Amino acid sequence: MDRSVRIAVVGPVDERLVGDLRQLPLQPEVRPMPTLLGDGEALLRYQPDLLLIAFGPRPDEDVGAARLLQRMWPALGVVVVARPDQELAAAPVARRLNARVLLYPDAPGHVAATIEQVLQGSDRPRPELFVDLAHGLADEINNPLMFASGHLQLLRAALDPQRDRDRRDQVDAALAGLDRIHTSVERLRRLSQAADGPRRREPVDVAQLIAEAIAARTPGTPTATIALPHGAQVVNGDREQLQLAMAAMVRFADELAGLDTDCHLSLQQEGHALRLRLVARGQGLAGWRLPQTFEPFYPQRALRGQSHGLGLFLLQTVILGHKGQATARRTPDGALQFDFLLPS
């Protein structure tokens, strides 16, 4: 979509929502309207891409009007806005409209994620469900992992370095395996933390973090081309989270390059945001399903097991947690284009 996304916000929504929408890095055009029926003519002239609507206690008339708009504009995305304590009441109304529910206020990045999913026609669950699963898995695995690791360390300490050398080697191999599991658990834990936004903020040079990720590449593997601007590219954010995100971005770009694709990653300033753009072209991406792009482990399925699976979801989670945007689309020539914008 070459022009700005048009969003109509209808009904008694929290007044902060309109401001949050306008502050998104892609700067959509946002128009608030008091009622769906009373502002029908203005809505028809505006022709929004997205309709965000908060229903009153008797939603039937507005639901009928929204369904009429959907028949007139099949591409219109509809989002039902509700407070967190209204989630159960909003769910059946959303089902009648085949719409998503946007709980507001909610976790950082939820607004941007919902808008992107509706524009892409994605039917995946809300991102926080994946985050909750990641957090739960980390907790579920960590306790028995620490128990097993502690016992193996005690066993190793009790073995004689000379007489029990073979057994010590076996225990060392087991401990190394547990250490790899621990690394995966920490990745899950950091992902769940990133969904809550930055834990601390400081000036962070994103270009330097990408350069560090480039330097950490495994020698001899296919790599994407990467263009970085001269000078520092600074955002105010969580250094640890952004470091994980940039490492995941470079790793994902290299994984795409490994499919014999033409893959290029660039960083540049765009308005009041830093834009990280990845463009990939190649036959190996013909079957990529845009609505599933940011699902955990979808890249692993799409890239036939070459991807770590969580990297792209981690990247999206960090970007959204920093009140940025993550988008994926196909260009007119069929290339995949991923854009990640961080407010600068």
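Student: Which handedness does the crossing of H8 and H9 have?

Tutor: In this predicted model, H8 passes H9 in a right-handed crossing. A crossing is right-handed if the near helix is turned clockwise from the far one by less than a right angle, and left-handed if anticlockwise. Helices (H or I, at least four residues) and strands (E, at least two) are DSSP runs, numbered from the N terminus.

Student: What is the angle between H8 and H9?

Tutor: Helix H8 (residues 206-215) packs against helix H9 (residues 239-257) at about 50°, and their axes are 9 Å apart. H8 is therefore oblique to H9. Angles under 35 degrees count as roughly parallel, over 145 as roughly antiparallel, 65 to 115 as roughly perpendicular and the rest as oblique. Axes are lines fitted to C-alpha atoms, for helices over the stretch in contact, and angles run from 0 to 180 degrees between N-to-C directions.

Student: Changing topic: is Val30 buried or exposed?

Tutor: Val30 counts as buried because its relative accessibility is 9%. Buried means under 20% relative accessible area, exposed over 50%, and partly exposed in between (1.4 Å probe, protein chains only). Val30 lies in strand S2 (residues 29-33).

Student: And how much of the protein is buried?

Tutor: Of its 344 residues, 49% count as buried.

Student: Which conventions apply here?

Tutor: Local features need pLDDT of at least 70 and side-chain atom pairs 80 or more, while totals for chains, interfaces and linings use all residues. Residues are numbered from 1 along each chain as its sequence is written, and side-chain values use heavy atoms, without hydrogens and water.
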